[in-house]
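Colleague: I'm new to this one, could you walk me through it while we both look at it?

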Amino acid sequence: MGANNGKHSGSEGKGSSSISSDLSSSTDQTSTKTPKNAATSEDSDISMRTRSTPSPALILPRSSPALFNGSSTSSSSFTAETIAMVHSPPTGFAHPQRGLWQPKDQQGAPIDILPDHAFLQIFAHLPTNQLCRCARVCRRWYNLAWDPRLWRSVRLTGDVLHVDRALRVLTRRLCQDTPNVCLTLETVVVSGCRRLTDRGLYTVAQSCPELRHLETAGCYNVSNEAVFEVVSRCPNLEHLDISGCSKVTCISLTREASIKLSPLHGQQISIRYLDMTDCFALEDEGLHTIAAHCTQLTHLYLRRCSRISDEGLRFLVIYCPSVRELSVSDCRFVSDFGLREIAKLEGRLRYLSIAHCGRVTDVGVRYVAKYCARLRYLNARGCEGLTDHGLEHLAKGCPKLKSLDIGKCPLVSDAGLEVLALNCFNLKRLSVKACESVTGRGLRVVAANCFDLQLLNVQDCDAPLEALHFVKRHCKRCVIEHTNPAFF
């Protein structure tokens with residue numbers, strides 16, 4: 001970026017050949033004419049890549065003209081597998097020196113009068129792909145677009161994106177000022193990039209020691225070894241989303257990292273937010289290891305981890321007493337005994353989802369209501385063992401409840417709703433979807449006492465038209481989800 005900046009001789013090829021040699025070059029390069037407009041067409045981009053200065057390429061799928069996670073169009077004029085991303089400034093777009101008068105017909109675009117700090121503020125709002133495109137406009141934009149302050153996060157999306165190569169090229173470019181490490185990069189989001197493999201995560205682990213936020217949702221080719229490498233080499237990692245990574249069964253440090261750590265350190269991982277939704281292979285033993293290493297966890301989501309049982313929750317509560325949000329939805333082996341363990345979190349627990357845990361009854365809900373008085377959100381949809389008695393304990397034990405989902409609980413009736421409404425005045429969201437025993441009487445009591453209600457779901461309920469109008473009159477900001485065609 002420095003040695004070959006602004007020159008047109010053959011030495012430019014030497015200055016960037018070490019980078020471009022690792023990347024595929026674009027085919028079909030037939031024009032050598034320099035484009036005149038900064039915001040060029042696709043054909044202009046191709047011609048710019050054929051100048052004497054080589055332009056390293058960022059590997060992209062054929063079907064998408066976008067570099068990364070920006071909006072893409074339905075058609076593309078590119079037939080090659082690569083789209084150039086400038087690593088050395090474009091030579092044909094030398095920006096005129098600011099402050100020097102030029103003839104009116106030779107002056108630049110009006111946007112050129114903006115100062116650098118204004119450009120940086122604009123670029124800060126651009127997604128990764130658009131920022132890379134801006135770097136290809138002119139020399140000034142190139143220097144501004146690669147300002148380290150703009151590269152605290154990288155977001156890539158796309159089913160067919162060559163994400164491993166993209167991460168390698170980006171990290172290599174961002175490591176130019178600080179060899180081998182990207183000290184500014186703190187967030188990497190590659191959710192939905194199904195072609196991501198362990199190799200891409202190894203690149204992140206080796207190049208981004210200051211990483212704090214990583215999302216690889218839906219990347220089912222990622223395995224335990226790559227995750228171990230990331231958490232071992234990125235000691236500041238706090239947010240990890242590996243939902244849908246079905247091969248991941250555990251989170252721990254690598255053996256090398258464990259040996260290097262002193263016994264006083266305790267071999268801990270600093271992760272606070274962990275989403276392992278749809279990690280179907282996760283078992284109690286793996287959850288035990290996770291809890292033992294990630295003792296600072298405050299948010300844990302285990303939706304549809306169907307092999308988790310009460311035993312795994314016991315380990316979780318022992319090692320992670322600071323958990324504030326927990327989801328074990330669709331974990332069919334979780335029962336009242338598991339809720340008894342969860343209740344040991346006491347006043348720290350704010351959010352709990354036990355949806356479709358068929359073994360949960362009033363007994364387990366009673367434990368939660370007794371010890372978790374600060375609970376704000378409870379999702380018990382599909383817990384068919386929940387009755388009015390359990391709802392009564394919940395209403396009296398958790399009066400600060402703001403959101404409650406008891407849909408598809410056939411044993412809940414108007415009596416339970418009346419107790420709920422008389423104790424939980426701050427209720428904002430309530431779902432009684434498909435509760436066959438709920439009628440207009442219960443809905444009227446709720447509306448008369450919970451004035452701040454914002455969402456009410458009464459789909460597939462016996463809710464008469466008069467009751468819905470009553471709710472609308474008393475809770476003017478409430479959105480009612482219903483299946484009554486006469487109410488609008």
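**Buried spots and a cavity**

Modeller: Let me start at one serine: a polar contact of 3.4 Å joins the side chains of Ser327 and Ser329. Please keep in mind that this is a predicted model.

Colleague: Where is Ser327 placed, then?

Modeller: Ser327 sits in strand β9, which covers residues 325-327.

Colleague: Is Ser327 buried or exposed, and why?

Modeller: Ser327 is buried, because its relative accessible area is 0%, and the cut-off for that class is under 20%.

Colleague: Changing topic, how many cavities of 30 Å³ or more does the structure hold?

Modeller: There are 2 cavities of that size, and the second largest cavity has about 30 Å³ of space.

Colleague: Which residues line the second largest cavity?

Modeller: The lining is made of Val154, Leu167, Leu170, Thr171, Leu185, Val188 and Val204. By class, this lining has 6 nonpolar residues, 1 polar residue and no charged ones, and its largest share, 3 residues, comes from helix α6, residues 163-174.

Colleague: What about Thr171, is it buried or exposed?

Modeller: Thr171, which has its place in helix α6, counts as buried because its relative accessibility is 5%. The side chain of Thr171 reaches the backbone oxygen of Arg168 at 3.1 Å, and, leaving out residues up to four places away in sequence, Thr171 also touches Cys182, Thr203, Ser207 and Cys208.

Colleague: And Thr216, where does that lie?

Modeller: Thr216 lies in the loop between β5 (213-215) and α8 (224-233), and at 1% relative accessibility Thr216 counts as buried. Setting aside neighbours within four places in sequence, Thr216 is in contact with Val190, Ser191, Leu196, Leu201, Asp241, Ile242, Ser243 and Cys245. The C-alpha atoms of Thr216 and Gly244 are separated by 8.4 Å, and these residues are 28 apart along the chain.

Colleague: One last thing, which residues are buried in helix α3?

Modeller: In helix α3, residues 116-123, the buried ones are Ala118, Phe119, Leu120 and Phe123. What covers the buried residues of α3 includes α4 (128-134) and α5 (139-145).

Technical notes. Residues numbered from 1 in each chain as written. Predicted model: local features only at pLDDT ≥ 70, side-chain atom pairs only at ≥ 80, totals over all residues. Heavy atoms only, no water. 1 Å grid on protein atoms, 1.4 Å probe; cavity = no way out; pocket = protein on both sides within 12 Å on 5 of 7 lines; lining within 4 Å. Points joined across faces, edges and corners; volume = space filled by probe spheres on them. Helix = DSSP H or I, 4+ residues; strand = E, 2+ residues; numbered from the N terminus. Nonpolar A, V, L, I, M, F, W, Y, C, P; charged D, E, K, R; others polar. Buried < 20%, exposed > 50% of the residue type's maximum accessible area, 1.4 Å probe, protein only. Contact = heavy atoms within 4.5 Å. Polar contact = N/O pair within 3.5 Å; in protein donor to acceptor, adjacent residues only side chain to side chain.
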